[in-house]
Amino acid sequence: LVRAEGDGCFSLHPLIRRCAEPLATDVDGVRERHARYVARVIGCGARTPPSPQGRGDEEEVGHLRAAWDWAVAQRDAHVLGDLVGVLTRLLMTHARWSEVTERMQAALDAGHSLPQPGASSQEAARAGEWPSLSHRLRAALAEARFSQGRLDEAAAQAGTLLDAARAAADPAAEAAALGTLARVHWMRGEYEAMRAHSLDRTQALRAAGRSPLELVSAIGMLGLAEKSLGRYEQAISRYQEALAIARRESRDVLDLSLPIRLGNLLRSMGRTDEALVVLGEGLEIARRRRERFAEPYLLTNLALTYETRGDLTPARVTASEAVHSARDHGEPSIRAAALLCRARVTAACGNAGSPGEVAPGADVHAAFEVWKGVGSLPLAVQCIATAGLVLAQQAGADPAEGVAFVQWAMAHPAFVRSEREDAQHRLERLKLAPEVT
């Protein structure tokens, strides 16, 4: 009747639970004790926080949601502070960005109803915890807005947080704000600003004494900024620095954004064998830990690596897998990247009309639809470049028209060095007549 779930937790058989629920008394007291227990045991790390690979992940999230709802209703900043990190991590890992947005906003709204003058000392103490908590709530809200592709809202939230964090001398919140702003600059093609914010973020994290995992992520973002600026050697150096920290802390703290970015850079440098190893290992870790959020990035970059090598059969299979994974778990940017990769590979295979195959033009159109919702200039240029490649290989079309699109994209400042080099190699593979190119 009582089942052991592991990690020192137990649960009642569902039948016993249904029979017992109507007999429960002091329901409010039960909810409070449950919320404080969950906050202490899961939120504060009295045992290992729930992992996406665990059997009872959904049950754990259910407990966290119930505790969160109680704490929001009671405006209990202490319990919310214990829960915000682990709940946000789990929801973001499962691409539940809308839920993060709703829960963080509800908590922020609850914080506006602070005790009036003359409140008890206990109420005043609880109110004193809200400024620090509000920074963490805004950080999670900004991150979720970015993942939804709502760049303007993410930047506004992060900017508000940055001002508040600096005024309160809160380096951890400052680092969170800078991280989101760096990602927004990346999506907008503002790479120098991205680099500056990434540098400031690493300094803030060190000042705050934050976890090695956060530092690995920040240094990895700095490496991505260097790559976007065409500084491959500086990017490799940053990635190596981040890898050294990750290995020192053990493989389990490895932020999967690191193998994604390192693998992509190795591919851009022509080191495709190394790229396949790095990305393959990252995909194995993501699937073992069931980190669905990382899967579409790893699959898309694996498909890109096969495409770069000219291995079109594995590229096509992997690109299709990436599209499906990105549709279910991916941010808008990776959904578009997966679609564009599949469009190019399908067009290069020359069997776009085969039964069961999605036409390259349909994938390009779907990527443009993603761009409409995000408004990212670099993504628009990437869509145009792929549209040109597809057009240049389309039966009955004038290849010169497609090539003109690609060359326009290659000349655009939002097209980074690696994208220009990729586009040039793809044009060369078309083996078009000199007068066309």
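The largest cavity is lined by Phe146, Gly149, Leu151, Met187, Glu331, Pro332, Ser333 and Val374. A cavity is a set of points on a 1 Å grid over the protein atoms alone where a 1.4 Å probe fits but cannot get out, and lining residues have an atom within 4 Å of a point. The volume of this cavity is about 40 Å³. By class, its lining has 5 nonpolar, 2 polar and 1 charged residues.

This is a predicted model, where local features need pLDDT of at least 70, side-chain atom pairs count only at pLDDT 80 or more, and totals for chains, interfaces and linings use all residues. Residues are numbered from 1 along each chain as its sequence is written, and side-chain values use heavy atoms, with hydrogens and water left out.

The whole structure holds 31 salt bridges. Each is a side-chain nitrogen of Lys or Arg within 4 Å of a carboxyl oxygen of Asp or Glu. Among them are these:

| Salt bridge | N to O distance |
|---|---|
| Asp69 and Arg103 | 2.8 Å |
| Asp422 and Arg267 | 3.0 Å |
| Glu274 and Arg271 | 2.9 Å |

Asp69 sits in helix 3 (residues 57-74) and Arg103 in helix 5 (residues 97-111), 34 residues apart. Helices are DSSP runs (H or I, at least four residues), numbered from the N terminus. Asp69 is partly exposed at 41% relative accessible area. Arg103 is buried at 14%. Buried means under 20%, exposed over 50%, and partly exposed in between (1.4 Å probe, protein chains only). Arg65, Asp69, Glu99 and Arg103 form a network of salt bridges.

Asp422 is buried at 11%. Arg267 is buried at 4%.

Technical notes: On a 1 Å grid over the protein atoms alone, a cavity is a set of points where a 1.4 Å probe fits but cannot get out, and a pocket is an open set with protein on both sides within 12 Å along at least five of seven lines; lining residues have an atom within 4 Å of a point. Grid points are joined across faces, edges and corners, and a volume is the space filled by probe spheres set on the points. Ala, Val, Leu, Ile, Met, Phe, Trp, Tyr, Cys and Pro count as nonpolar, Asp, Glu, Lys and Arg as charged, and the others, Gly among them, as polar. Helices (H or I, at least four residues) and strands (E, at least two) are DSSP runs, numbered from the N terminus.
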